[in-house]
Each structure stands twice: as C-alpha cells, then as structure tokens.
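Subject: Structure handover

Hello,

Here is the structure you will be working with. My notes on cavities and salt bridges follow below it.

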Amino acid sequence: MSMTRRVALLGTVLALVTALAFGGAGTSAAATSTPADSLWFDGTALTVTGTGFTDSYGRQVVLRGYNVSGETKLEENAGLPFASVADAQKSATALRALGGGNAVRFLLSWAHAEPVRGQVDTAYLAAATAQMQAFLDAGIRVYPDFHQDLYSRYLFNAGSWYSGDGAPKWVVDAGGYPAEYCGVCLFWGQNITQNAAVTQATYNFWHNTGGVQDAFLTTAQTTMTYLAQHLTSSEFAEVAGFDPYNEPHFGTLDSGQTSRSWEQDVLWPFYQKFRARMDSAGWTAKPAFVEPNLFWNANLDFQKQEGGLLDAGTLGPRYVFNTHFYDQAAISGIFMPGNASDGQYATNFGTIRDRAAASGTAAVVSEFGHPLSGTVAGKAPTVLKAMYQALDSRVKGADWWSNPQASGPVLSGTQWQWDIYNDRHHELMNGNPDKVLTADDAWNDEDLSAVALDDSGTAVLRQDTRLLDRVYPAATAGNTLAFTYEDRSRDGSTTLTWNPVPSSLPNVSSLVGTGQYGLLVCRSSCITAPTELHLPASFATASTTVVSDLGTVTGPSAYTAGAPIAAAAEPGGTGSRRLLLTAPADSGTLHYALVANTAGATPSAALRAAAQSELAAWASNHF
C-alpha cells in the first residue's frame, strides 16, 4: 500500500474508533438520518415477490448500478474499495449523478476479514462498513459480495503473470498446493480450469477440506452480524441481500460427476448453509443472491457447462437467481469479428429471465461489461448498448413497437465496474516491489472501469454518458408489461439508433425527433406510491416531455402528493432526479408513459395531444 493510502486508511480507522467510543458507528446523529431529498415512500426494504423485487408499497423495483469495486481485489488499500470514506463519498455521489445508478454490488475480501484463522479483523469490518454507509447515505441500495477470482492471490508467486483474490494466506499455506502454472493461457480466466493450484484449492473449498468452508461461513456470519449491528435501521433497510460467492466453479469433478450434478450435490447445499448463516446473523428477511456455475451461460460452446441451478427446485423469496454475462466471443477478438448489433443479446438475457421464472424468483445480472482498452475495445460501445438493451427488454429494437407484449420483466443489473482509481493505482503485483502496477484496473490486464478521476481529482465517465445514465423504471406502481429505452448512444461519431419510432406513429415520431426516449407500459394494482423513473442528467427538467394516459407536459412541475406527473430529486442529495407518476390506486388499469428528451425543439400542446392519442390506441391494441 502506498504511504498516502496507508495514512488515509489509518485516518478512517481512527475516526471509527472515536465513533465507537462515543456510542458506536451506527448510532451517531448523522448516521441515523435518512438520505437527503427523501420523500414519504423512500427507504423501504426490498423483498422478492414472484419474479421481481418489491418495496413495502408493492412497487416493482429495478436495481441498476455498478460493482464497487475491483479495487477490493488489490492490496494497495488493504482489501477495501477505497482509501478513505471521503473517496467513497466522492464515488457514491458520482455514481448517482453521472452513472445514474441506484444500487451497487459492494465487494468484500475474505483475506482481510479473516487474516488469521478464527480471528475476524473488526478494524477491517469497521472500515468497510463506513465506506458502505457512504453509498447508503447517497440513497444507493447495496448488496455485499465476498469476492474471489482464481481462489486466492496467495496461490501465485511473486513473478507470476497472474494474480487472484479471495481466500486468506493461512488457507493456502495449509493446502500444500503445487506451484501455479497455467500453460498456454491467453486470458487470465483460463487459470480457472488449467491451473492445477487453482483447481485443487477450489475443489478443497467445496469439499470443506480442513474445515476451510466452515471457516468461511463463520466469517461471513460474523460479517453480516457486524453490519446488522452497526448500520442504522434505515441504512440496513437499504441493504438488498448478500452474494455468497463470486463465479463458483467446481475446480475438478469427482468420478461420474457432471457440472449439473455438482451444482445440485455441492453448490446448492453450500448456499443452504449460507442461507442459514444469514438467518442467524439477523438477515432473515433478505435474500441470498446465489450464482450458478459461472460457465452455465457462456456464449462459446466449448466453454459452456450445463447448469443454472436446474435441480434446486423453487428458490422462492429467500434467494435471487444471480448471474453474470460477458460476451466471450467479442472479448476473444476471434469468434466475433464485427461489432454487436440490435438484439445481439436478446436470447442470452431471455434465458436468464426464463431460468429465474422457472426458479420462482427474481433475477439480477450482477456483472456484465467489456474491455475499454486493448485490441477489442472498439466493440465496447455496441456491446454495452446491446447488453443494456437486453436488460430493458427481451425484444430487439426493430421489433419492439410491433411486439412490446413480449418484452418480459425489466432486469436488474450492476455493470463491472466503478473504480475511481482507474489508471492511478500503485499495486505491488503479488507483493513484488519490482512489478508495480499503475495502469487501468491494475489486475490481470483488465480495464473495465466506467469511471476515473481527472487530474483535478474529479470523477469523470470513461464511457458515453448517454449509454450509462439511462431512463429506467426504478419503481413501478403496478405490473410492468413492457419497457424500452432508446439512448442514442454513440460509437465514435456515429449515433446508434436501434429502436426508432415507427412511421405508423407519426406524431410520436415527430415529438421524439432525434432525442432519447423511454416508454413504460404497466397495469395498476392498488398501490398508493408513485411510479418512479430515473431521469438522466441530459434530461433537463424544463425540456423533459411526458406523454401519458395521466396527461401530457413539457417541463414537469416539482412533486406534490397526488400530482399525476412531477419531477423530484432522488434520495441522497447528489443532484440526480426522477420522474414521478401518480395514478389512482385502483386495479387493472392500463397505464403508459413516454418520457422524451425534447431539448432540440419544445413540442406544442397540440403535438403532445396527438401523440397521446396515438399511444393510447397503440397500447390498447397490444395490451
């Protein structure tokens, strides 16, 4: 760790010690207040209802955001996402205001939580909790993740080409593993299946060799208990659940075992044990975000392994079907020579929807992304646009207006990743002072962070703001029937429009013009709280046009209870905004809302009325 960051971490711990001496970090006056700009319906805990998340009012909630962050994999900040609480606050504000996120997957390190067997480092937990609070206080929901990749950094020698993260040194020291060696590996992920040290250590974890899995479960329970005790009740309500294990893989299979039977006989019992630990730690009402074998949905046939928790039965509200998706064909630079296109991942993300529905629970895509430098970085604008499109709807843009009823549920997702230290690291790779990594993500040649700091220390986006800061239905007062968002994001100087308004709706097309737009269709279900859509920073309130069955307006007024169409700040005091739509609390009424960025030309009242008439007929025809 650099001296600057060592001092910053020491300052964080000292501040926490002071807080604890005067009543505990979770009981200070500042910590007990609700986030700034909160309204009467904000801040309720989430549950899983059917195949989605719901708040206490029954609104369907969509989580969108980022992983915070790959920095946890590194040693420079002692396994924490940030050097200080101040940096965490800066990151949280930017994530809300620039990235449009309302949720983060918050990475934790087992190696730093339990550096000595049986001894949990409460100073680490206190520092992690304080950084987590920065996001909760910004109105951002959190689900922690005990992260691992390649099982542990301690499997790798000082001169290795690769590194890992996860298990503590004492675990590796007790294992007696062979010298790590990947052979001919073009990508770090090949170590998962080709490096004997990784495969043997992984196998031993799943089979609890030497009680190592028991030790992990005990540390996880202690961590969850600490969080439940040191977060305020309002903060803890915003914790969505817990991700027990990142990207599980069997390592090696027993004789006669398949990837599918391994999930059923080994992985699923582990999740049941973790679920029991959650209950004992005071997390009974929160779901476990459980991941299947990471290769279950690989889009290269030679990587794919049967899985998806097929034999776990109905997961129900105590679990969430949690998966990742990366386009390995695009990342390879070989198997997908061109760019992604409209509907590229509709089938892949449709499979995720179907698997969650068959399991009787909600789905979250907790990692997705694409490299932002290197030989395949040119694909990133189209790959990420296609992934966000697939999160929004299972129907490609060209077909959406003619077949919106096939959209399926809007998926929650957290992009990999949000690391403000991108390209400003000081990481001694595997502890080697002769291999100091500063560039990109400073981990196995990855570069996926959507954010970085400029020379003034200000957080700035590394990807097109139109792509990342999106309209999405953060909370829907009813049952979502269809949603789409045309972001008009750019690939270089080319604007990508994959979902144009059809000529059969000439007034809607005229009103939208060349601007961004989103369209939500839902059916009411006796909910008093309003429907809530995130407004990107590019949607200035004065130039945001709404065409809905509830009315039409350009420049929605400030929110007051009962106002059919209004704008308001999002919780957290970051300057981010939302559109609030309040309908009568009845049941079964069809509602629609077109939200358009009409900064180029303010539509007349007559045009809004004509567009409203077209949308009413279109919605009635399809729903």
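Is Asp173 buried or exposed? In this predicted model, Asp173 is exposed, with a relative accessible area of 51%. The side chain of Asp173 meets that of Lys169 in a salt bridge, 2.8 Å from N to O. Both residues belong to helix 6 (residues 169-173), where they are 4 residues apart, or about one helical turn. Lys169 counts as partly exposed, at 45% relative accessibility.

The whole structure has 25 salt bridges. Another of them joins Asp145 and Arg105 (3.3 Å, N to O). Asp145 is in strand 6 (residues 141-146) and Arg105 in strand 5 (residues 103-108), so this pair ties together parts that are 40 residues apart in sequence. Asp145 is buried, with a relative accessible area of 0%, and Arg105 is buried with a value of 0%.

There is also a network of salt bridges, which links Arg64, Lys385, Asp392, Arg470, Glu486 and Asp487.

Now the cavities. The search finds 10 of 30 Å³ or more. The largest cavity holds about 240 Å³ of space. Its lining has 16 residues, and those nearest the centre are Asp42, Arg96, Gly139, Arg141 and Glu532. By type, this lining has 5 nonpolar, 3 polar and 8 charged residues.

The second largest cavity holds about 170 Å³ and is lined by 20 residues, including Cys522 and His591. Strand 19 gives the most to this lining, with 4 residues. The lining of the second largest cavity divides into 11 nonpolar, 7 polar and 2 charged residues.

Regards

How values were computed
Residues are numbered from 1 along each chain as its sequence is written. This is a predicted model: local features need pLDDT of at least 70, side-chain atom pairs count only at pLDDT 80 or more; totals for chains, interfaces and linings use all residues. Side-chain values use heavy atoms; hydrogens and water are left out. On a 1 Å grid over the protein atoms alone, a cavity is a set of points where a 1.4 Å probe fits but cannot get out, and a pocket is an open set with protein on both sides within 12 Å along at least five of seven lines; lining residues have an atom within 4 Å of a point. Grid points are joined across faces, edges and corners, and a volume is the space filled by probe spheres set on the points. Ala, Val, Leu, Ile, Met, Phe, Trp, Tyr, Cys and Pro count as nonpolar, Asp, Glu, Lys and Arg as charged, and the others, Gly among them, as polar. Helices (H or I, at least four residues) and strands (E, at least two) are DSSP runs, numbered from the N terminus. A salt bridge is a side-chain nitrogen of Lys or Arg within 4 Å of a carboxyl oxygen of Asp or Glu. Buried means under 20% relative accessible area, exposed over 50%, partly exposed in between (1.4 Å probe, protein chains only).
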